[in-house]
Amino acid sequence: MMVDVKPAGDSWYKRAIIYQVHVRTFFDSNGDGVGDFQGLDQKMDYLQELGINAVWLMPFFPSPLRDDGYDIADYFSVHSSYGTLEDFKKFLASAHQRQIRVIIEMVLNHTSDQHPWFQESRSSQNNPRRDWYVWSDTDTGYAKAGINFRDTELSNWARDPVSKSYYWHRFFSHQPDLNYDNPAVREEMWNVMKFWLELGVDGFRLDAVPYLVERENTNCENLPETHAVIKELRRKLDEQFPGKMLLAEANQWPADLRPYFADGDEFHMAFHFPLMPRMFMGVKLEDRKPITEILQQTPEIPPSCQWCLFLRNHDELTLEMLTDMERSYMNDSYAQDKTMRLNLGIRRRLAPLLENDRRRIELMHGMLLSLPGTPSIYYGDEIGMGDNINLGDRNGVRTPMQWTGGWNGGFSVTEPEKLYAPLIQDPVYGYPAVNVISQNRTEHSLLNWMRRILAVRKSTDVFGCGSIEFLYPANHRILAYVRQWRAETILAVNNLSNAAQAVELDLRSYKGNILIEMFGKNIFPRVGELPYLLTLGPYQFYWFRLRRI
Amino acid sequence: MKKANTTDDSILTDELLRQLINVGEVDILIGLPTHNNAKTIGPIVATIQTGLLALFPRERAVIINADGGSQDGTPELVLNAAIDDGRGRSKVSALRTLPVISTQYASSPARGTALRSILAAAELLRARACMVVSPESTQIKTEWLTTLVRPVYAEEFDLVLPTYSRHRFDGMLLTNLLYPMTRALYGWRIREPYALDFAFSGRLGSQFLAQNPWQDETARSGSETYFTLNAIAGQARICQSFLGNREHVERGSSDLIPALRQTVGALFSSLGPHADLWNASTGSQSVPTTGPEVEFTLEPLRVNRKRLREMFSAGVAELESVFQAILSPATLDELRRIAQLEEALFRYPAELWVRTIYEFAAAYHKSVISRDHILQALAPLFRGRALTFLVENRSGSADEVENNVEALCLAFERGKPYLLELWNGRE
């Protein structure tokens, strides 16, 4: 049964709170050790109670799973481990019944080398699909392009023993890049998107978008031809599926990201990659400078567009968008153990990064949910799950969801050895200590706190839609800003320090307003001519609604 | 920067307190005592900023300017070093903000009061390492941040004092009195007990602040010397770091009395409170030093020896009655005798100089006359000793100058029992 979510205007994504989850990791309904769509469906009540209103699913397509599903071998089906297309449809309906939108991953840039398209392409130089990928007789082309996975790949070219020539890959060598100069490829990828849109998905997170097109003597990123491809997809989307959304994964500087919004005719949303590490840096430095500076460098985007903010995701905490000095500081601060480092990032979850400090976890979420953008929460971070750096690559942050303190953490009834990945078992973050059931029972658990703050976030459109004005109090440990949307004004004040702070805020523009703290709804003194004095405990933050009564 | 009211029992203005609240805890505090230093302060502050960014990029730092009411824009020049968070003020690439505070302390310009404000700020900000830089130290280099601050910040030293490459005739009060007497009394070979560029731990700063030595006028004007002597007395961990060349500053003869108050006055004042310590101390030992302990340069320098000689002789004659209260008859007789010598034969011997100084110290302790008069009376005698030092080292090599200084130090050490005798006999 197809159920449409309640219309919330064309810009529903601005009011969204996204929950990122991999089907495999969430709940195993059939006892084979791997999460599946039926399992995810069974947990939709949990997500509804949490307060999120959009789910972003990582790749669930048939795949050899050499890159956690980002190596797709069939775009029109569901990986058998996760269920069937029918299971997906049921899950989709279940989500929509709960007013939860579903965003799915779409890996446009490359396929698996096991994909039939690539198998055909490599089979013969004369094959009709030969030109669906980027081939060369040498490995010297596009020499100015960087290598993304420099820990594992030496070149962006790989020699194919079958066709005895080289194919282009910006990621792993088992992920050949599609050739977007070929109109047939562009048409087929739109067919893929159309297939899922017709099933009812609400949007796509488009993976690795800067790399779609290659040109000689460039770094092969963010090229005009790539933007043209995206514009074409967007035009078709708007014409045929109005109200659906495109979210860009483009790990770039803000100025380089801005073109992906174009005139509001490319992406609806894009992840703000440079902000994320600077939030961690700001808290560690106890200084708002990294955060305010990157947001000042962030250009205006069209009114219909939105930034997508996140603290953690399925990848490493990327440090690409940092200077060498900043990167070194982040590594020394958050990844002293070098095994925690991967590529140019840190492969850890939120709670371990913040040393399981509840105050810092709350503060980071407070900023995530009050800075301009749509927040994305990585599964398990709402209960403070840990990671396992002994698992290779980024698998340490992709372990099974911890539902209970019992068998397999309530994730699966199978033998532990059959789980797709071992559960976190250490004394601090292991499933006996950190799980949904126990946090449900505790009023002040992180999970229940998350439910409360998400409810407060959803009580207003200001955070999703409003403007921002930084206040710059003389106390640089305090990050303070005013968010405004229509007649509503909210003041957010964050103490980035581990010590109590006093701060004087220049609120003269809001003279006469009463401050109402948004969690307890208590009133604070009226704003006057004098600086507004606030004291904040360590890592404390306030959200105040400004009211003229 | 503006001058604001203080409460009755606080040395901090309300405005300064507000700014300190905004800064919060810091790892490193740089103190700049200033008064009308616009001609020199700009490059000094720029060097400090560069040094902090290059050598302590991750540490929480603050620059505190304690100003004595400059009218030449000095505070504004200091404030330019601030690194703000993106309001277009700073073009410097830095991990964190660098707050700069300029405050005008309440009383009239005095380095002691400035130091007190800096110490108070350091305590309130819980600074781990503090560095004070003279606004005249135009020879400052970014490396000073390493040589002065790092021993405190990373090696648990409490006080880092400078050593310099000096002209052989620069700092003669230091080489002829402060260094040898401090060494003889307290047992540590500290070359610059009156330091204008130095670093200290927050712990030492707080201890000194708690003693509140500023009640005493001498301590107020000679607080840097007092600070060093208190650190010695408190058995703080002290080391020395070589800072390179210290430019020779021409001083007028009128500068000598204030210099005596700031240095010798503080040294003499310290003897009473720390009598048990220096009474028990024998011999001397070196302190850990990075780089050379001292370097003398030998460029020719014009000195009016005739005038020095005249001032000495005139002083001995005019202050006869004062000296009678301070000095023993034998010492005074000897001074009268050398005052009569022709210029070519004039010599103020080390042993006599040591005896003179010890008798002055004892008289100062006993307050036989006004203590300030005692210090002022020392001025002509010092000029006589300076003349002798000039003559003895006129053509000497750097090693020979250092040997002469060392010989004087040993004379002070040998003469120490005489001071003990005077001290304990007159108590």
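This is a predicted model: local features need pLDDT of at least 70, side-chain atom pairs count only at pLDDT 80 or more; totals for chains, interfaces and linings use all residues.
**Figure 1. A:N343 sits in the loop between β12 and β13 of chain A.** What is the phi of A:N343, which is not a glycine? The angle is positive, about 50°. Most residues other than glycine have a negative phi. Is A:N343 buried, partly exposed or exposed? A:N343 is partly exposed, because 19 other C-beta atoms lie within 10 Å, and a residue needs 20 or more to count as buried.

**Figure 2. The largest nonpolar core has 164 residues.** Among its members, those with the most contacts inside the core are A:A54, A:V55, A:L247, A:A248, A:M269 and A:A270. Which helix gives the most to this core? Helix α9 (residues 275-285) of chain A does, with 7 residues. Zoom in on A:V55 and leave aside its neighbours within four places in sequence: A:V55 is in contact with A:Y19, A:V21, A:L47, A:A95, A:I100, A:V102 and A:I103. In soluble globular proteins, nonpolar side chains tend to be buried together.

**Figure 3. Domain 1 and domain 3 of chain A touch each other.** The domain assignment of chain A gives domain 1 (12-110 + 183-458), domain 2 (116-168) and domain 3 (465-547). Taken over C-alpha atoms, the centres of domain 1 and domain 3 of chain A are separated by 30 Å. How many residues of each are in contact? In domain 1 of chain A there are 18, and they are in contact with 19 residues of domain 3 of chain A. On the domain 1 side, the elements that give two or more residues are α9, α10 (289-296), α13 (358-370) and α15 (446-458) of chain A. Of these, α13(A) gives the most, with 6 residues. By class, this side of domain 1 of chain A has 6 nonpolar, 4 polar and 8 charged residues.

**Figure 4. Here is chain A as a whole, with 16 helices and 22 strands.** Its C-alpha atoms fill a box of roughly 80 × 55 × 50 Å along the principal axes. How does the radius of gyration of chain A, 23 Å, fit with a compact globule? The two agree, because a compact globule of 549 residues would have a radius near 24 Å. Buried residues make up 52% of the 549 residues in chain A. Take the contacts in chain A between residues at least 6 apart in sequence: 68% of them join residues at least 24 apart.

**Figure 5. B:T218 lies in helix α8 (residues 217-221) of chain B.** Is B:T218 buried or exposed? B:T218 is buried, because 24 other C-beta atoms lie within 10 Å. Leaving aside its neighbours within four places in sequence, B:T218 is in contact with B:R261, B:G265, B:A266 and B:S269. B:N36 is 182 residues from B:T218 in sequence, and 23 Å from it in space, C-alpha to C-alpha.

**Figure 6. Helix α9 (residues 223-233) of chain B is mostly covered.** How many of its 11 residues are buried? The count is 10, and B:Y226, B:F227, B:L229 and B:I232 are among them. Just after α9(B), B:Q235 takes a positive phi of about 55°.

**Figure 7. B:E156 is found in the loop between α5 (143-155) and β5 (159-167) of chain B.** B:E156 is not a glycine, yet has a positive phi of about 65°. B:E156 counts as exposed, because there are 10 C-beta neighbours inside 10 Å, and 12 or fewer is the limit for an exposed residue.

Definitions and conventions: Residues are numbered from 1 along each chain as its sequence is written. Chains are lettered from A and ligands numbered from 1 in the order in which they are written. Helices (H or I, at least four residues) and strands (E, at least two) are DSSP runs, numbered from the N terminus. The radius of gyration is taken over C-alpha atoms; the globule rule is 2.2 Å times the number of residues to the power 0.38. Two residues are in contact if their C-beta atoms, placed from the backbone, lie within 7 Å. A nonpolar core is a set of buried Ala, Val, Leu, Ile, Met, Phe, Trp, Tyr and Cys residues joined through C-beta atoms within 7 Å. Domain bounds come from an automatic or database domain assignment. Ala, Val, Leu, Ile, Met, Phe, Trp, Tyr, Cys and Pro count as nonpolar, Asp, Glu, Lys and Arg as charged, and the others, Gly among them, as polar.
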